[in-house]
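Please work through the exercises below with the sequence and the coordinates side by side, and try each task before reading its solution.

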Amino acid sequence: MLLGLTTALVATVCFGFGAVFQARGARSAPRADRVRAGLLAALVRSWQFVAGTLLDILGFVLSIVALRSLPLFLVQAVTNASLAVTALAAVWMLGARLHRSDVAGILAVVVGLTLLALGSGREGREYAPAAFHWALLATTVVTVLLTLVLARREGVPAAAGLGLLAGVGFGVTSLAVRVLDASGVLTLLTDPAAYALVVGGLGGYLAYALALQRGTVTAATAAGTVAETFAPALVGVAALGDAARPGYAWCALTGFAIAVGGTFLLSRFGELEGESAELTEARRPEPAPGPGRPDGSAVRR
């Protein structure tokens, strides 16, 4: 359990720093009104988005170890707490400021994860029937199709919808890693869960990038957190036998709720920073009248 928890925490750090780079890279790319090769090419040309993606890949590799040795509800709560790392990374790298709600969110994440770790038991079974594997693949296909539809929409509802789809895609990858049969090359290539892992991961990244371009960080992240955290956790308990330590169910449940609540508080971090910048710009005094225009105002450059 110690190895799994350690890799999950390191993966969380990778995801947290990766989010800072990805958000900046996605917003520096030309705005896209549909999914096309040009969008992917623009993202690839952004070193910030590439750096964030590489960190995400490293975090995903580390999370595989955790997913194979810890209950899904513990791994999902830990990795989604990467928003706390993102907030601290933004303060260090971007000069962002933490508000009271951000500090409260970080403290809630720390307390929640501590309780969750204390209350978590051993993982359930890794085996799932073939129908479960096919259901994972079908879910990713539907998710990608819905992403193509929502890519033509604008505004907060579209951002929330795309964020939700990104969460579904990432959640499916976690479930796929858990039940994947990697006993042999042929078995791996014929397992629908292997393709669900690939399609879900790529589809999730695409949906998240599109969501960041269309709405606030809150809209993109909060909806995704629900899908990525709660859904796999419930499936893990109901279908795969994950459970808390005997007599510690209250501790695990309380920790899970507090950690996710802290994540929601932190999902407003990027939005509030953006609002602060806009307010600062709006409150900046106008330049004194001068030559350059008929009304005497100076020409801005």
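**Exercise 1.** Determine how many aromatic pairs a search of the whole structure finds, and work out which geometry the rings of Phe170 and Tyr205 adopt.

*Solution.* In this predicted model, the search of the whole structure finds 1 aromatic pair. The ring centres of Phe170 and Tyr205 lie 5.2 Å apart and their planes meet at 70°, so the pair is edge-to-face, given that planes over 60 degrees apart are counted that way.

**Exercise 2.** Classify Phe170 and Tyr205 as buried, partly exposed or exposed.

*Solution.* The cut-off for buried is under 20% relative accessible area. Phe170, at 17% relative accessibility, therefore counts as buried, whereas Tyr205, with a relative accessible area of 25%, is partly exposed.

**Exercise 3.** Describe the largest nonpolar core and the contacts that Phe256 makes.

*Solution.* Start with the core itself, which has 39 residues; among those with the most contacts inside it are Phe73, Leu116 and Phe256. Turning to its origin, the helices that each supply at least two residues include H3 (47–67), H4 (72–80) and H12 (249–266), and H4 gives the largest share, 6 residues. Apart from this core lies another, of 11 residues, including Leu162, Phe170, Ala207 and Tyr208. Finally, leaving aside residues up to four places away in sequence, Phe256 touches Phe73, Ala77, Leu116, Thr229, Phe230 and Ala233.

How values were computed. Residues numbered from 1 in each chain as written. Predicted model: local features only at pLDDT ≥ 70, side-chain atom pairs only at ≥ 80, totals over all residues. Heavy atoms only, no water. Core = buried A, V, L, I, M, F, W, Y, C linked by side-chain atoms within 4.5 Å. Buried < 20%, exposed > 50% of the residue type's maximum accessible area, 1.4 Å probe, protein only. Helix = DSSP H or I, 4+ residues; strand = E, 2+ residues; numbered from the N terminus. Contact = heavy atoms within 4.5 Å. Phe/Tyr/Trp six-rings, centres within 6.5 Å; stacked < 30°, edge-to-face > 60°.
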